[in-house]
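Reader: Hi, I have a structure open and want to talk it through. Can we go step by step?

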Amino acid sequence: QLLSFTSGLPVSFRVGDDCTADRSITLAQCVADLATRPLVAAPGTRFDYGSTHLAVAARMAEVATGAGWAQIVTQQLGAPLGWSSAVAWYTAPRQQLGTTNPLVAGGLRISTQE
């Protein structure tokens, strides 16, 4: 339900309305904040496109592996595919700002060659 955007988690399309755009916190803090918010629908019953679902999925991967999101992606994709060390996840990718709370849904900065 997280990867199909049907988790029931609240989403926002306005910058600053949810923690996924907050580069002053960590992914763990963002997901802890999301856990305190009420669901907007029963899981599996409504499609809501937004980054909150993917933030929770990424945090689950961090907890399961004991590694941070950037490290997981580097180990699972970057190293096998030969990505350069310049590839990074940011909270604000256009400005290349914030790495402790990566915008999992769209914060990857990568070249077209990679």
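**Starting at Thr 20**

Author: A polar contact of 2.8 Å joins the side chains of Thr 20 and Ser 51. A polar contact is a pair of N or O atoms within 3.5 Å; within protein, one must be able to donate a hydrogen and the other to accept it, and residues adjacent in sequence count only if both atoms are side-chain atoms. This is a predicted model, where local features need pLDDT of at least 70 and side-chain atom pairs count only at pLDDT 80 or more, while totals for chains, interfaces and linings use all residues. Residues are numbered from 1 along each chain as its sequence is written, and side-chain values use heavy atoms, with hydrogens and water left out.

Reader: What's pLDDT, and what does the protein average?

Author: pLDDT is the predictor's confidence in each residue, from 0 to 100. The protein averages 92, and 95% of the residues score at least 70.

Reader: Back to Thr 20. Where is its place?

Author: Thr 20 sits in the segment before helix 1. Helices (H or I, at least four residues) and strands (E, at least two) are DSSP runs, numbered from the N terminus.

Reader: Is Thr 20 buried or exposed?

Author: Buried, because its relative accessibility is 6%. Buried means under 20% relative accessible area, exposed over 50%, partly exposed in between (1.4 Å probe, protein chains only).

Reader: New topic. Which residues are buried in helix 1?

Author: In helix 1 (residues 27–35), Leu 27, Cys 30, Val 31 and Leu 34 are buried. Seen down the axis of helix 1, they fall within an arc of 95°, so they line one face. The arc is that of the directions from the helix axis to the C-beta atoms.

Reader: What covers them?

Author: The cover of those buried residues includes helix 2 and helix 3 (69–81).

Reader: And which residues touch the most other members of the largest nonpolar core?

Author: Leu 27, Val 56 and Trp 69, out of 22 residues in that core. Helix 1, helix 2 and helix 3 are the elements giving two or more residues to this core. The largest share, five residues, comes from helix 2. A nonpolar core is a set of buried Ala, Val, Leu, Ile, Met, Phe, Trp, Tyr and Cys residues joined through side-chain atoms within 4.5 Å.

Reader: How many salt bridges are there?

Author: Three, from a search of the whole structure. A salt bridge is a side-chain nitrogen of Lys or Arg within 4 Å of a carboxyl oxygen of Asp or Glu. Arg 37 pairs with Asp 33, with the closest N and O atoms 2.6 Å apart. Asp 48 pairs with Arg 46 at 2.8 Å.

Reader: What's the partner of Arg 59 in a salt bridge?

Author: Glu 62, with the closest N and O atoms 2.9 Å apart. Both lie in helix 2 (residues 52–65), three residues apart, about one turn of the helix. Arg 59 is partly exposed at 25%, whereas Glu 62 is buried at 12%.

Methods
Contact = heavy atoms within 4.5 Å.
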